[in-house]
Amino acid sequence: MIRLQHLIGLPVLEVDAGKQVGHVKDAWFDEHWQLGGIVLDAGRRFLSSMKTVLWNDVLICGEDAILIMNEASVRKAEPAEIQRSFYTGPVRLKDLPVITIDGEQLGRVSDVYFNEIQGTQIVGYELTDGFIADVMEGRKWLPVPSDPDTVMLGENAIIVPAGSEWLMEPVAASDSVIGRNEP
């Protein structure tokens, strides 16, 4: 599994030429919260639009870099096209409250996890109750239920099934990976 925040800041390189085309600034999702692609730092040439790479065009998502085939994988996108993202879109996952159907808030989204496969959907959330709680108790990891239809990813909150609080696992705020190196 990959932590989304681990991708932020990674260089994006072309395999064909070994040329760096930018750094990851954000990730965006489609209306079903499938990972759609990454947003690159735009630079001055793209003041009114964004540079994006579809997740299907990512060849390798490594520890230290993301590899794409060539510069043709980099596309312009208007900000209005990127509706759901982690940091920058109109609907942002970062800091969304996660609430059970019973009305109990489990925390706010600090990070999301997804598999490396193409078209992947979010598989878990890292939740925070704030800085002091992170220091005192650590963050919690909530896996997405096996039936994704039981989770409502809305504009202002993520609604999860009752009893989801029992699925949460403790995670130290400094952990960079959950589930990595597991069979």
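**Strands, surface and salt bridges**

Guide: Please keep in mind that this is a predicted model.

Visitor: Which residue in strand 14 is the bridge partner of Glu 126?

Guide: Strand 13 also pairs with strand 14, residues 139-143, in the antiparallel sense over four bridges. Within strand 14, the partner of Glu 126 is Trp 141.

Visitor: How many of the seven residues of strand 13 are buried?

Guide: A residue counts as buried when its relative accessible area is under 20%. Strand 13, residues 122-128, is largely enclosed by the rest of the structure, because the number of its seven residues that are buried is six.

Visitor: Which residue meets Asp 111 in a salt bridge?

Guide: The side chain of Asp 111 has its partner at 2.6 Å, N to O, and the pair links strand 12 with strand 1, residues 2-3, across 108 residues of the chain.

Visitor: Is Lys 19, which meets Glu 71 in a salt bridge, buried or partly exposed?

Guide: The side chains of Lys 19 and Glu 71 meet at 3.1 Å, N to O, linking the loop between strand 2 and strand 3 to the loop between strand 7 and strand 8. Glu 71 has a relative accessible area of 37%, while the value for Lys 19 is 41%, so Lys 19 counts as partly exposed.

Visitor: How far apart in space are Glu 155 and Leu 93, C-alpha to C-alpha?

Guide: Glu 155 lies in the loop between strand 15 and strand 16, where it counts as exposed at 61% relative accessibility. Leaving aside residues up to four places away in sequence, Glu 155 touches Val 91 and Leu 96. Glu 155 and Leu 93 are 62 residues apart in sequence, and their C-alpha distance is 8.6 Å.

Visitor: What accessible area do Val 15, Leu 59, Ile 60 and Met 69 have together?

Guide: One member, Leu 59, lies in strand 6, residues 58-61, and is partly exposed at 41% relative accessible area. The four residues form a nonpolar patch on the surface, and their accessible area together is about 340 Å².

Key:
Residues are numbered from 1 along each chain as its sequence is written. This is a predicted model: local features need pLDDT of at least 70, side-chain atom pairs count only at pLDDT 80 or more; totals for chains, interfaces and linings use all residues. Side-chain values use heavy atoms; hydrogens and water are left out. Patches are made of residues with over 30% relative accessible area and no salt bridge: like charges are joined within 9 Å, nonpolar side chains (Val, Leu, Ile, Met, Phe, Trp, Tyr) within 5 Å. Accessible areas come from the Shrake-Rupley method with a 1.4 Å probe; for residues, only the protein chains shown count as cover. Helices (H or I, at least four residues) and strands (E, at least two) are DSSP runs, numbered from the N terminus. Buried means under 20% relative accessible area, exposed over 50%, partly exposed in between (1.4 Å probe, protein chains only). Two strands pair if DSSP finds at least two bridges between them. Contact means heavy atoms within 4.5 Å.
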